[in-house]
Amino acid sequence: DHAVSNDPSYVKAHWRRGQASTACGNTSQALTSFEKALALDPSNKALKKEVQVAKEKKEMEEIMLKEAAEAAAKAAEEGGSDADVVDDVMKDVPKPKTTTIKTTKVDDKTNGEKSTTTQASSGTTVKDTGSESEFSKSDHVRGYKIRSDGKKTSFFDREISDDAKKLIGDIAPKKLDSSGGSNDCAPKPIGAVSGGTSVWNKAGTWEERDVTPWAIETLTASLLSAEYVLPPGSPSPGAIASVSKVSKLEGNASHASVRSKKKYIYEFALTLEWDLTLGDAVTQKCTGEVTFPDIDGTVELGEGYDIVNYKVDASTPVGTGPLLQRFVRDGGLRESVHKAIDDWVRLFRATY
């Protein structure tokens, strides 16, 4: 009421007021509230239904009141009391049925039976004798059934027929024999790799082995062996360019077997430090570093590998830039590094 008085256009307030009035039995007030709410929101289907229900209920109440008034007038003419009129009006209202529930229990102290009777407002007479093979009339509601052996069990219990038992056979648990018989449960060692897969992998499904430690060790050794001797006719014939250190080598390597086919999986990124000693009257040494970011199986042997971050140290003699570009960055030592990586790939495939 307070919400409606503060805001007469508040649809929900009229709606809630109507529902409250219906709950309190004031159908006339409920209908008024629903009609006001519907007037504010004519397209609301729920309110239309509330109005219709309230109208029907009000009409029914008016009919009942009219019949009660006529019955009272008739009783007054015949000299009856108002109480008798009320009884006559209410006699057609259906009354809840009274149910007698009888339960029989065994008394442990007297070794006898005790019977109890309970009155309920609906249902049928229920008798519980305490026997597993007998049902009360309400047991089917709780989900029980009787097996062929006469025992009471859950409705969802599945009873296997004799034919089904013959088909299934003996499925009783059996003790495993650890003495070396046919049911030997003693652990057995897994044999060595056979045909690229373990002994247990008889189906030849995917089986992968990690060989990263071996790969890092052997690839580092192969890279450190890379060198290039400048040819005659070059600005410094006989000078040697070589890899002095593998400063960074990150990645992984593994080999897999599937359906008797071998796959070699590797992916590395590495940074090399190089040096070039020039054979002039005064020995000059050039140093720097270069990075190979992608060494993996997508590169075919002989195609070469991309480089990034080619650097020359500040201590390198002035004027050696073109020489280093030709015999370190673009060819010479770089080609030797390519060959060292390809040799490692061949070694990987031959070893595994």
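This section describes helix packing, nonpolar cores and selected residues in a predicted model.

Helix 2 (residues 11-24) and helix 3 (residues 27-40) approach each other with their axes within 8 Å and a crossing angle of roughly 160°. Helix 2 is therefore roughly antiparallel to helix 3, since angles over 145 degrees fall in that class. The crossing of helix 2 past helix 3 is left-handed. On the side of helix 2, the contact involves Val 11, His 14, Trp 15, Arg 17, Gly 18, Gln 19, Ser 21 and Thr 22, which meet Gln 29, Ala 30, Ser 33, Phe 34, Lys 36, Ala 37 and Leu 40 of helix 3. By class, the residues of this contact comprise six nonpolar, seven polar and two charged.

Gln 19, located in helix 2, is partly exposed, with a relative accessible area of 31%. When residues up to four places away in sequence are not counted, Gln 19 touches Phe 34 and Glu 50. The C-alpha atoms of Gln 19 and Ala 54 lie 10.0 Å apart, whereas the two residues are separated by 35 residues in sequence.

Helix 3 also packs against helix 4 (residues 45-78), the axes coming within 9 Å and crossing at roughly 155°. Helix 3 is thus roughly antiparallel to helix 4, and the crossing is again described as left-handed. Helix 3 contributes Thr 27, Ser 28, Leu 31, Phe 34, Glu 35, Ala 37 and Leu 38 to the contact, while helix 4 contributes Leu 47, Lys 48, Glu 50, Val 51, Ala 54, Lys 55, Lys 57, Lys 58 and Glu 61. This contact of helix 3 with helix 4 contains seven nonpolar, two polar and seven charged residues.

The largest nonpolar core consists of 37 residues, and those with the most contacts inside it are Phe 268, Leu 272, Leu 276 and Phe 292. Two or more residues of this core come from each of helix 8 (212-224), strand 8 (240-258), strand 9 (261-278), strand 10 (284-296), helix 9 (321-329) and helix 10 (333-351). Beyond four places in sequence, Phe 292 touches Phe 268, Ala 269, Leu 270, Leu 272, Tyr 305, Asp 306, Ile 307, Val 337 and His 338. A second, separate core has ten residues, among them Ala 30, Leu 31, Ala 37 and Val 51.

Definitions and conventions: Residues are numbered from 1 along each chain as its sequence is written. This is a predicted model: local features need pLDDT of at least 70, side-chain atom pairs count only at pLDDT 80 or more; totals for chains, interfaces and linings use all residues. Side-chain values use heavy atoms; hydrogens and water are left out. Axes are lines fitted to C-alpha atoms, for helices over the stretch in contact, and angles run from 0 to 180 degrees between N-to-C directions. Helices (H or I, at least four residues) and strands (E, at least two) are DSSP runs, numbered from the N terminus. Angles under 35 degrees count as roughly parallel, over 145 as roughly antiparallel, 65 to 115 as roughly perpendicular and the rest as oblique. A crossing is left-handed if the near helix is turned anticlockwise from the far one by less than a right angle, and right-handed if clockwise. Contact means heavy atoms within 4.5 Å. Ala, Val, Leu, Ile, Met, Phe, Trp, Tyr, Cys and Pro count as nonpolar, Asp, Glu, Lys and Arg as charged, and the others, Gly among them, as polar. A nonpolar core is a set of buried Ala, Val, Leu, Ile, Met, Phe, Trp, Tyr and Cys residues joined through side-chain atoms within 4.5 Å. Buried means under 20% relative accessible area, exposed over 50%, partly exposed in between (1.4 Å probe, protein chains only).
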